[in-house]
Every structure is written in C-alpha cells, then in structure tokens.
Amino acid sequence: MNESDTLGASLVRSGVSRRSFLKFCTAMASLMALPPGAAYAMADALSRAQRQSVIWLSFQECTGCVESLTRSFDPTLEQMIFEMISLDYQETLQAASGEAAELARVEAMKSSYGKYLLIVDGSIPTKDGGVYSTVAGVSNYDRLIEMAKGAAAIVAVGTCSSYGGIPHANPNPTGAVSVSDIIKDKPVMNVPGCPPIPSVIAGTLAYFVTYGKLPELDHIGRPKVFYADTIHDRCYRRPFYDQGKFAKTFDDEGARNGWCLYELGCKGPTTYNACATIKWNGGVSYPIESGHGCLGCSEPNFWDNGSFYRPLSTPLASNTHIIAAGTLGGIAAGVVAAGLSRKHQTHIGEEK
Amino acid sequence: MDLLQFARGPALTWAATVFMFGITWRLVGILLLKRSPDFSEARNATSWLGAVKLIITRSWPRREFRQRTLFAQSLGYIFHVGLVIILFGFAPHILFFKALTGLGWPNLPSAFIQLTSGITLAALIVVLVRRLSHPVLRLLSNFDDYFSWLVTFTPVATGMLAVAHFGARYETLLAIHLLSVALLLVWFPFGKLMHSALIFISRGTTGALFERKGASI
Amino acid sequence: MNSLTHINIKVINPLPCQSAGLSGNTDAILHEILALLEAFVATGQTGAIDLHSLPLTVADYEVLRTTLGDGEVHAHINVIGKTEVRETLYPGVWWLTYYNMEEDIVADLLEVTTIPEILKSPAEDVREGLACLRDLTGAVTMM
Amino acid sequence: MSTAEIDSTHPLELDQPRFSVKNPEARYDKQGDLSDAQRVETAMRYFVKDFGAVAATYLESCIHCGMCADACHFYVATEDPKYTPIWKLEPFKQAYKREAGPFAAIYRALNLKKKVTVEQLEAWQALIYDSCTLCGRCTLICPMGIDIASLVGLARHGMNQAGLVPHELWAVAERAQREGSPLGATPKVFKDRCEWLADENQVAIPVDKAQADVVVTMSSIEIMKYPDSIVATAKILNHLGLNWTFRSDGYEATNFGMLSGNSAWQQEASMKLIHATIAAGAKLLILPECGHAYGAMRWQGANIYGKPLPFRVLHISEFLAENTKNGAIKTKPLGKTLTFHDPCQISRRGGAIEAPRDVLNGLGAALIEMKDTKGVNWCCGGGGGVVTIHRADPIRYKAFQIKMKQVDDAGAELLVSSCSNCRQTFDDGQNHFHWDKTMLSLLELVADNLEDK
C-alpha cells in the first residue's frame, strides 16, 4: 500500500495534526466506552487505513440528520469524521449536480465495489411502485437495491431509515419502510434518533473505519455502545422517580424543582439512546434537562405511541366505545342466560 | 407493533371489554334469576339495615370464631390491603386510572409501594402454600383457585420487576406487566375474583333476609 | 417573570450520595490506580481509566484531585481546543483532560505510563519537521 | 322398599332415649325403582328448579376459603375435611354451574363442569343428610355471607326426588305423610293421649273446639316422649284464661317433609296447620318446643300459603316471653343457676333469641350463659333429621362432646332448652356418655313454677 494513500497522510495533507487526530480518537473511544487504551490502537489503525469510501443516499427524509452532523456546535471534532471518509456521493453536501453527481456515484460504486459503506437517511416508500420519492428518475427502492449490492455494510442514519420514522407513522400514506425491511443480505446498522446525536453518528462511523466492521448491535440493530441504556437509566432526574416525586404540570412546584416528568408523558424509561450522557449542542443540555419529557424518537413507532404527553403506564387509546359495547353485550348475554335458566325451571315445574 | 404497544393498546382494550362484558353478563345473569316474594310477617321491617350491617361487620370475625380463623383472616387482610395500596397508591397506576376516569389522587412514595409489594408477594406465597397443604383447602380447591391466584400474583411480581428494571428491558417488563393485567382482567369475571363484587351482593342478601327474621348476622 | 433567568430550575445531582456528596467511587478508583501502577512497575504494561464513563460527583472529583495532587509536569496541548496533561504526585500517574473548542470536557483520563502518547512527538511529524528544517537551512534532502 | 315393608321390617323404636326407626339390619338408602341415570337426571332437574337469584348469588360467591369448616361441629369434632360445610354442596354447585348459572352454556359446551354421577350423589347423601343439622353456624363465619344451611336444605329437594334419602329419615318422613305424624302420633293416638293426660293431671285439655282464639300445636316427640309438655302447655294457657284448642286436623308441628327434602309433603304438613287455625278462626298459632317446626311455619308457612297468614305465629317461648313481660304469667322464684341451650332454628336462624331469656328472667333464675351462646351457640348435633339416622351416630356423638364441654364449662345447676328435638338428642347423648346433666324444657319449667292465682 502506498503510504501517501493512507488516512494519516491525507489528514496531514488537509492540515490535521496527528495530535488532533489522536485527540479525536481519544474522544471517540471515551464516547463509545471503549477501553481507554483503545484510543491509541484506534489512532494507529486509522492512520494506516485507507480512506473509507462512503456513499450516502438520502430518501424520504428531511435532511435533519445531515444537519445534525454538519451543523453541530463543535464542528471540528465531529466533522473530523469527514476527513476520514471519502464521501463520494451526498446530494446535500456534494458540489456536483445532475448527471455529474450520478456519475460520481456510479464511479464510486465501481471503484470500491464490495468495500464501500452505504449510509442511508430517510425511509423508503414502497406504495405505488415507490413513486413517492425518486432521485434522477429512479425510485428510492430501486436505488437502495442497486447500491446495497456492492456495499460492505449499510448504516441507516436516523429513525426514518432505521424504522420508517415519521413517514411510516399511521396511516403511512407512502408505504414507507426501513432499510432493514428491504435489505436482508447485508449487515445493517441502525443509528436512530430524530435526529441522531452527531457524536453518535461520528462515533459509529469511526468505529467502522477503524475496525472494518460494525460494532455490536442490539436486537433492533442499534450499536450497543450508544443504545444500551435508557434515557431513564441515565437521567439526572431519576432519583425523583425512585422517590415517587413527579411534576404534574409543566409549571408546577415539582417542575420547578426538577422532579421526574413521567406523569407528563416522558418516554425515557422505554427509550434507548445516549442523550442523557452525551447530551446535545456540545453537551449543553437534553430535552429532559430543558424541562420536557423524552419523546422516544430513537424507538420504532415513536410517532404512534399515543400523545407525547400520555404517561407510559396508561392505555394507548381510550376505546370507550368498544368497552361500552362489551358492557351492553354482557347485559344482553346475562339477560339471555337468566331467561334460559328461568325457562328451563318453569319447564321443570310444569313437567311435575 | 411492538409488544408494549400491543399491551398498551389492543390487549388492554380487549381485556377491558371482556372484563366489562363478563362482569355484566355474570351479574345480570345472577340477579335476573327468579326471586320469590316473602309473605312471612317480618320481625324487623328495615331489612336493608341488616344488609348494611352484615356487609360491614362480616369484615372481621366474630369473637367466637377469632381463635380458629385468626391466621387465615390476617393473611387475607395482609394481601388484600397490600393489593389495594399497590393498585391505588402507586403513581403510574394512578395515572392509569386518571387516563380512564379523569380522576387522580396523590401517590404514595415508591419505596413504600415496593415494600408493600414485597410483603404482598410473600403473603400470596403463604396463601398458596396454605392452600396446597391445608386438608380442607386442598379438598375444596379447583382450577379456578389456582389460576386466580396466579393471575393475582403475576401482576404484582412483574410490576415489581418492571419498577426495579430487573430481568429484562424495561419496555419488555412493562409490556409483560400490562399483559399480565390484561390476563387478570380477562379472567376476572369468570372466576372467583368476582368475589370483589359478589361479596356485597352475597353479604347484603343474607343480611337483609336475616334481619327480616331477626336472625343472627 | 420577565426573563428566562427568573425561571427557577434547580438542577440536582443525580448520584446517590453517602456523606458529604461522595458516591464512594473514589476509593475504587484509587485502588484501581494502585493495581495499574503495580502492574506497570512489574511488567511495563501501561493502563488507563476513563473518568468520563464513571458516575462521579463534584465532591468525588475534588477528593480525587486533592488526593492525587499536582506533580512536576503540567503541559498544555493546543489542538482543536486545549488538552491538559498533568503528572500527579505519583510519578507515572497522569491526568489528561481533553476539551473541545467550547471548553467542554470531551475526555477525561487517568493514564499509568512513563509519558502519555499525546505528549510524544509523532515519528512522522518528526520526519516532516526535519524535512522542513532542512529546506529552511538549504541542506540537501536525503529522503 | 314399599310402605308396608317400612312398617313391618323397620318399625319404630320408642323405648330408647332417641325416638326413631329401629337401626335397620339392611340399609335401604335408595328409594323407588329409578335407574341410576334417572336418579341423576331427576336430582339435576330438582336442583335446577331451586336456583333462584339468592341461591345463585351464594353459589357464585364461594371463594373456597374453607373457614366454614371451623364453624361446623362435625368438622371441628372430627377434623375430617369432607365435613367442610360448602363441600357438602359440591354436586349441587356442580349442577348449578352446569345447568343454571350465567355461564352454564359455556360449562356445558366445553364440559368444564362434569355431569354429576350417581356415585357422587350416593357419596354425598352422607354429607347432605348425616352430617348437616342445618344449624347455620357456618353461615355466620362465611366471609362472603353465604347462607350455606339454606343451600343444603335446597339440595335435599333434588336428593329426595331422586330417591336418595337415608333409610330412617325417609321412613319417618313417609310415615309422617301417611299417618300424620312421624312417630306414630296419629290423630287418634293424640286425642287418646290428651284425654288420658287431662284425666291424669286434672287439667282441661281442649281438643277440636270449633272456635278458639288460639290454636296450639305439638311436636310428635313431645306427644310420644315428653307428654308432660302437653300438660304444661294446657296449664299455662288455662292459667292465662285463653280460649284455646288443639286440633286433631292440625296438631303435628314437625315437618319431616321439609327435613327429608320433599316439598310436596312439606307443603301438605304446613297446610294442615294453616287450615286448622283458619277453621278455628284463631288469631294466633302457637308452635311447640321444636326447632325446625318454627322455621317451617314461622318463616316458610306464609310462602307455602302463597299470601300473608291471617293469624300470628309464635314459638311457645315467644308466647311465654310476651306474657311474662306483660305480667300475665307470674312464677315462683326458681333460686337455681341454669344455662340455656339455644336451639339453632329458633335462636340463630329463627330470631327468637331474647324470648327464652326474658322467660328465664321472669323465673328469677340466675342464667349463666355458655361461652359461645345465642346466635353462635354450638348445635346439639341432632337437628335437620340427623338424630334419626343411626349411621350418623358416631359423628353425632363426637359433635355432642363439644356441647357437653360447653355445658360443663358453664357450671350451672340446670340445663334448659326450648326444643324437644334438642332435648331427645341430649337425652341420647347423656345415656351414651353417662353424663350427669339432664336437659329440661323451658315450657315445663314455667308450668311447674306457676304462681297460683
């Protein structure tokens, strides 16, 4: 391998010092709770690795995930991931457009066939032949199938590509599905969140570039390093939950005292994400710290879990009409049963 | 739809429907059976007072029976009171009722609920052991007794695990807890758990009939 | 209430405290340092502890800081935000704190080693530096 | 077994402390010639017939807590779980769930409750008849308030129709139906006895007066075993100067139709008394010292009649209490301590709890209550027809030991009750255990101590 092709060399060319690279690796290792020594190994491996070819496909999405990554408060550190990858196709970020852009994609696919990392944000509409979202006249569905073939692995960034997200929400007019609903023969990692935490996107990509494989995933395809604990497990308000102290409204004494937001519909207990530890906007805060319950955006179907303000322990819907119908049915059944018994008894009485 | 959504959604809806369907079916089916008028000359005209009296006083044993039933009565009280405290004192449960009825009330500290749950579970286990070992209870017991015990025990146990986040992921534990409640609701009208409603009717019936005669209640 | 600052939000410390705000984790960390240092002396095996991943209270930090103390070396590195490298009172035990440009801590490590990697000049940089210096002095490039 | 056979091969035994039919050498605990299937079918039909809202409420409510066992003298005396009161109703409950309850259709369709078998019914005969005195103590302990005793009474209907009544009980019931009295006190015997007693005791005993204000009835046990009670009754009523009479067309207050579970016989026996009272134009019917006679007429009589009775019904103890309290009856002070045994059907289940105490109070007797008294008094063990059944003797004697201990613990000089069936059970127990206590009659005690006018 030519040394000038290595990531280390290219970093130097673009003015990134090796110390800052080591610092990036240390921060990423700490973030992913890798063993502390792993940072050096990571830095070593990365500096000698080739730049990872990445093709980023945006489907039925809002670009929030890309915004999250590129507009983070701490651009230099997280954005360094862009120094480590060769982002060969990204509609929002690339300079090329039109046929030139598509050509770049085909080019990258050919040159790195079997090795490139495919990143997807946005869900894939499947209804009516996938006509609801197309790029260059090709449906997202067809494009995903095409691009997945040569990918070493696929990373679904954001809840839409991970689980269908908001487009998938009831009644799901476009028949939106997730990447893993379609692609079954490639490793797929989900990095959900609406949007995901930038460091989490960067960290998981760094892991793949370093180790050439996806990190350990949980049962719904999320990297365990970031999604092993619930928001609730790591929430600074947790002691109030344990004591049974709950804010009842957003402006009561409990809310002012920073009590638990469970009763205001916080989905923290069932939401697996790193918001409570990594936080947002460069570690400034996260929703609960700002006084609002967790929406559960990194979980499948978060949009369909009733109101954001409906507590977890309550039924999702109050189907009083069904229950009322059951009650009336019960009365009818009781009347019939008693009637039959009475008739039977009268019959016996007459027999005598 | 994941397990928790199923538990919070269709499972609870249908369980509640079966619950209401079964309860009304059973109660109406009993109460609409024939009733013969009583032409005998009443000793006490205010028989409803007897119903009230028996409903209240039968909640503890007469002095004469106290010695022989003290253990069983205490045990019954412990787990019944425990269940009431857990059901109506725990904040998430209050939210559940509030979502259904719009009525809310202050909750008890979670640690106290956990302690109560522990005591209740222990009492329920003693109840089962007693049922399995006492000759009279063993003779009387049938599927209903054991199954009703199970559907009472399970929500308490799974609830404790869910609160402690122990044994599985919280959403799974919560789903299992809610499903166990759904099972309880579905079984409730068809087994002995109906005694929570029938106790008033049964006691009231005897109380009224006996007060009419001036008989001992 | 005419300004956001009037909203009286008290952020409480979530960790269960025993006495004086201590979680009890400092003892465990000190014992781990001891074990790492023993291993380093015996076999030369370096080690590290990631403080970021441990639940520590402000008081815990304070105790750790005063117990380990400041040793002879205190270095600053200026790359994408600053990085502080301090040797503690116990030679071989280093405290490294990495900040980002907003001065938030992005990594906080205790390292047991002779000298932390990040202080060393990377070999490639040394070679490149040599080349630059040669260019500057007009010496013949031998590379 | 035919009627003739009962008379000839299983005659009455009237020379023992307990009056019944002789202990049969061969038991015939099945009556009629129904096939097993017919017996089951009949029992089911008659069980089902009785499931009204009240019985259904009770049968639905049992939580199998087993506490009723702790109230039952047969269980407490033997600790045998089969004597748990609610267990005695198992086939009855089974029939209810399968045939009449709200979920009967489901139970039948899925066969969740099996059909009752004839073996089951035969086995339960000993529980429904031999080991239940219908005393209702269990009713008081039941946390659900289930009146178990009333259910046993209902269960006997189906058993009777299926011909599954214990030999002796059926024999006395049948005799009562045929002769007008279970123990041979036919109208002729009764009239002869009254005539003879009147002569012997120099007391007027009016029989068959066309018109009277008060009609008085007797229990065949009194007529045959304790005729002094007839004399005592006459003395007191004469003392009060009442226009009263016995009626040979309605004198027998016992109702073995009810005890054996034969509703038709029960109805016939009750209607005799009702018609006789109405015929005499009486305003008051006095029931004798007999427990179940009180329940049968005081609480069921009007319902059998189908409308309110045109006369009052009083137990003799209630009658005595009324006249003691209003001062019409004055007695010499007794000057002895005594304890009172509450007959279950009169006290606990009949509601006449204070009446005998008012009478004793008038007697100036020092009443020492037993430890468990009044409504929770322990049963003598002989009620509900049990005392007639020889097969039940062993457990009846065991249960009687509870009673003996209770009486002994009270430590009173005299032992009094107001039920002749209790009285003969006590006599039998006294004889069996060679006990030193003799049961006295409240009525006789009053009559013997009347203050002369």
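**Exercise 1. Determine how many residues of domain 1 of chain D are in contact with domain 3 of chain D, and describe that side of domain 1.**

Step 1. The contact set joins 15 residues of domain 1 of chain D to 21 residues of domain 3 of chain D; two residues are in contact if their C-beta atoms, placed from the backbone, lie within 7 Å.

Step 2. Helix H4 (73-78), helix H7 (118-130) and helix H8 (137-141) of chain D each supply at least two residues of the side of domain 1 that touches domain 3. Helices (H or I, at least four residues) and strands (E, at least two) are DSSP runs, numbered from the N terminus. H4(D) provides the largest share of this side, 5 residues.

Step 3. By class, this side of domain 1 of chain D has 8 nonpolar, 5 polar and 2 charged residues. Here Ala, Val, Leu, Ile, Met, Phe, Trp, Tyr, Cys and Pro count as nonpolar, Asp, Glu, Lys and Arg as charged, and the others, Gly among them, as polar.

Step 4. The domain bounds in chain D are 30-164 for domain 1, 179-322 for domain 2 and 327-448 for domain 3; such bounds come from an automatic or database domain assignment. Between the C-alpha centres of domain 1 and domain 3 of chain D the distance is 30 Å.

Conventions: the model is predicted, with pLDDT of at least 70 needed for local features and 80 or more for side-chain atom pairs, while totals for chains, interfaces and linings use all residues. Residues are numbered from 1 along each chain as its sequence is written, and chains are lettered from A and ligands numbered from 1 in the order in which they are written.

**Exercise 2. State the strand order of the open sheet of 4 strands in chain D, and find which strands stand at its edges.**

Step 1. The order is E8-E7-E9-E10 (chain D), with parallel pairing; two strands pair if DSSP finds at least two bridges between them.

Step 2. Strand E8 (366-367) and strand E10 (439-441) of chain D are the edge strands, each with a single partner strand, so one side of each has no neighbour in the sheet.

Step 3. Strand E7 (residues 337-341) of chain D pairs with E8(D) in the parallel sense over 2 bridges. Leu338(D) is opposite Leu367(D) in E8(D).

Step 4. Across E7, strand E9 (414-417) and E10 of chain D lies helix H21 (residues 420-433), which runs at about 155° to E10(D). Axes are lines fitted to C-alpha atoms, for helices over the stretch in contact, and angles run from 0 to 180 degrees between N-to-C directions.

**Exercise 3. Find which chains have the most contacts among the 4 pairs that touch, and describe one side of that interface.**

Step 1. Chains B and D have the most contacts. In this pair, 47 residues of chain B are in contact with 49 residues of chain D.

Step 2. On chain B, helix H1 (3-31), helix H3 (63-89), helix H6 (135-140) and helix H9 (195-213) each supply at least two residues of the side that touches chain D. H9(B) gives the most, with 10 residues.

Step 3. This side of chain B has 20 nonpolar, 13 polar and 14 charged residues.

Step 4. Chains B and C do not touch, and their nearest C-alpha atoms are 15 Å apart. Chains C and D do not touch either, with nearest C-alpha atoms 46 Å apart.
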